[in-house]
Amino acid sequence: MKEILVLSGKGGTGKTSIVGSFAHLADSKVMLDCDVDASDLHLLLSPETIEEHEFRSGVKARVETNKCSACGMCAELCQFESVTMEETAVISRLSCEGCGVCAHFCPEDAIRLDENHCGTWYISDTAYGPFVHSQLFAGEENSGKLVSHIKSEARKVAEQSGAELILIDGSPGVGCPVIASLSNVDMVLVVTEPSQSGKHDLERILDLTDHFKILTKLCINKWDLHAEMSDEIELLAERRGVEVLGKIPFDSTVIDCQIQGIPVTASETSPAACSIRDLWKKLQKRIKNLPQQKEVSL
Ligand code: SF4
Ligand code: SF4
């Protein structure tokens, strides 16, 4: 089984449209959305939920009001200003960091540390195969842990279904969820766009995949919107030893497909669909030539 992760240094490069098209084109795969802070692959895959699970991580403090003597010690000690004093102490779940100081020093043993329910993850069925995805609640900060969790669940689904590929839609940027999503992947495909910020963020992603020594390929989306910048990006890729596997032209059909919630490759003739099909063929060949997967801990 191989794991292919599609990343973009920045948002809005068309990464998810390309993953949705790969989902349409690939045989024997499980799809996984690791963009846990703003997942949107489900908009293209129209999943039907088979399993729904709570994701719990860390703790949040809660006052047992019947025990609280309103001494104010917790409000004094909390470095995050999460405690306000009313008739009893009141702790804000939003700002509590779960450090446990208040619970440790409370003279009445009136503070409990509850497991934090911070998101939901799903195993779903789609027209293109199994799909593992999730939603982290607003303001929660455990995106890296959730990514690691759904990655291991996707592997189980792939093993059970005998899938040969896990196709992963990653987060934009180079933060915690991206680093977590890199664990054990066989190849990264970076989708960039021909702009100064696209080029800059591409370099940051390449630094990251270089650091973890992960085979990386590149695709330039909407390349014809700024042909000179596309040339610069190709030169940069050559300098960094990264193969440019595909260049996709700007095509308004992509927007039509997004509005209809269908993969771009559902269109037989659009220029973008033809380029994505060509990109997928090349990617398939590179996947076939990959060595057996090694366990890499990040
Ligand atoms: S330290 Fe304990 S008893 Fe004192 S105000 Fe806080 S919760 Fe109440
Ligand atoms: S657990 Fe830590 S952050 Fe949360 S209320 Fe207590 S002292 Fe403040």
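What follows is a set of questions and answers on this predicted model.

Reader: What makes up the protein chain, in helices and strands?
Author: The protein chain has ten helices and eleven strands. Its C-alpha trace spans about 70 × 40 × 40 Å along the principal axes. Of its 298 residues, 44% are buried.

Reader: Why is Ser 252 called exposed?
Author: Ser 252 has 9 C-beta neighbours inside 10 Å. A residue counts as exposed at 12 or fewer, so Ser 252 is exposed. Ser 252 is located in helix H9, residues 252–260. Pro 271 is 19 residues away from Ser 252 in sequence, and the two C-alpha atoms are 9.6 Å apart in space.

Reader: Why is Arg 62 called partly exposed?
Author: The count for Arg 62 is 15 C-beta neighbours inside 10 Å. Buried needs 20 or more and exposed needs 12 or fewer, so Arg 62, with 15, is partly exposed. Arg 62 belongs to strand E3, residues 48–63. Leaving out residues up to four places away in sequence, Arg 62 touches Ile 91, Arg 112 and Asp 114. Arg 62 and Cys 176 are 114 residues apart in sequence, with 28 Å between their C-alpha atoms.

Reader: What makes the phi of Asp 109 worth a remark?
Author: Phi of Asp 109 is near 55°, which is positive, and the residue is not glycine. Most residues other than glycine have a negative phi. Asp 109 is in the loop between helix H4 (101–105) and strand E6 (111–126).

Reader: Where is Lys 222, and what is its phi?
Author: Lys 222 is in the loop between strand E10 (216–221) and helix H8 (227–240). Its phi is near 55°, again a positive value in a residue other than glycine.

Reader: Are Asp 109 and Lys 222 buried or exposed?
Author: Asp 109 has 9 C-beta neighbours inside 10 Å, so it is exposed. Lys 222 has 21. The limit for buried is 20 or more, so Lys 222 is buried.

Reader: How do you know that strand E7 is largely enclosed by the rest of the structure?
Author: Strand E7 covers residues 129–136, and seven of its eight residues are buried, so it is largely enclosed.

Reader: Which strands pair with E7, and in which sense, parallel or antiparallel?
Author: Strand E2, residues 29–33, runs parallel to E7 and is joined to it by two bridges. Two strands pair if there are at least two bridges between them, so E2 and E7 count as a pair. Met 31 stands opposite Phe 131 in E7. E6 pairs with E7 in the antiparallel sense over eight bridges. Gly 119 has Leu 136 in E7 as its bridge partner. E6 and E7 are joined by a hairpin through two residues.

Reader: What does Met 31 contact, and which core has it among the residues with the most contacts?
Author: Apart from neighbours within four places in sequence, Met 31 is in contact with Ala 23, Leu 41, Leu 45, Tyr 128, Gly 129, Phe 131 and Leu 167. The largest nonpolar core has 66 residues, and Met 31 is among those with the most contacts inside it, as are Val 30, Leu 32, Leu 167, Leu 189 and Cys 219. Helix H5, residues 143–161, gives this core its largest share, six residues. A second, separate core has twelve residues, including Val 63, Ala 89, Ala 110 and Ile 111.

Reader: What are the domains, and how many Å separate their centres?
Author: The domain assignment gives domain 1 as 2–46 + 127–288 and domain 2 as 58–117. Their centres, taken over C-alpha atoms, are separated by 42 Å.

Reader: Which residues surround the ligands?
Author: Ligand 1 has 15 residues around it, and the closest are Cys 68, Cys 71, Cys 74, Ala 89 and Cys 106. By class, this shell has eleven nonpolar, three polar and one charged residues. Ligand 2 has 13 residues around it, with Ala 61, Cys 78, Cys 96, Cys 99 and Cys 102 nearest. The shell around ligand 2 has nine nonpolar, three polar and one charged residues.

Methods: Residues are numbered from 1 along each chain as its sequence is written. Chains are lettered from A and ligands numbered from 1 in the order in which they are written. This is a predicted model: local features need pLDDT of at least 70, side-chain atom pairs count only at pLDDT 80 or more; totals for chains, interfaces and linings use all residues. Helices (H or I, at least four residues) and strands (E, at least two) are DSSP runs, numbered from the N terminus. Domain bounds come from an automatic or database domain assignment. A residue is near a molecule or strand if its C-beta atom, placed from the backbone, lies within 6 Å of it. Ala, Val, Leu, Ile, Met, Phe, Trp, Tyr, Cys and Pro count as nonpolar, Asp, Glu, Lys and Arg as charged, and the others, Gly among them, as polar. A nonpolar core is a set of buried Ala, Val, Leu, Ile, Met, Phe, Trp, Tyr and Cys residues joined through C-beta atoms within 7 Å. Two residues are in contact if their C-beta atoms, placed from the backbone, lie within 7 Å.
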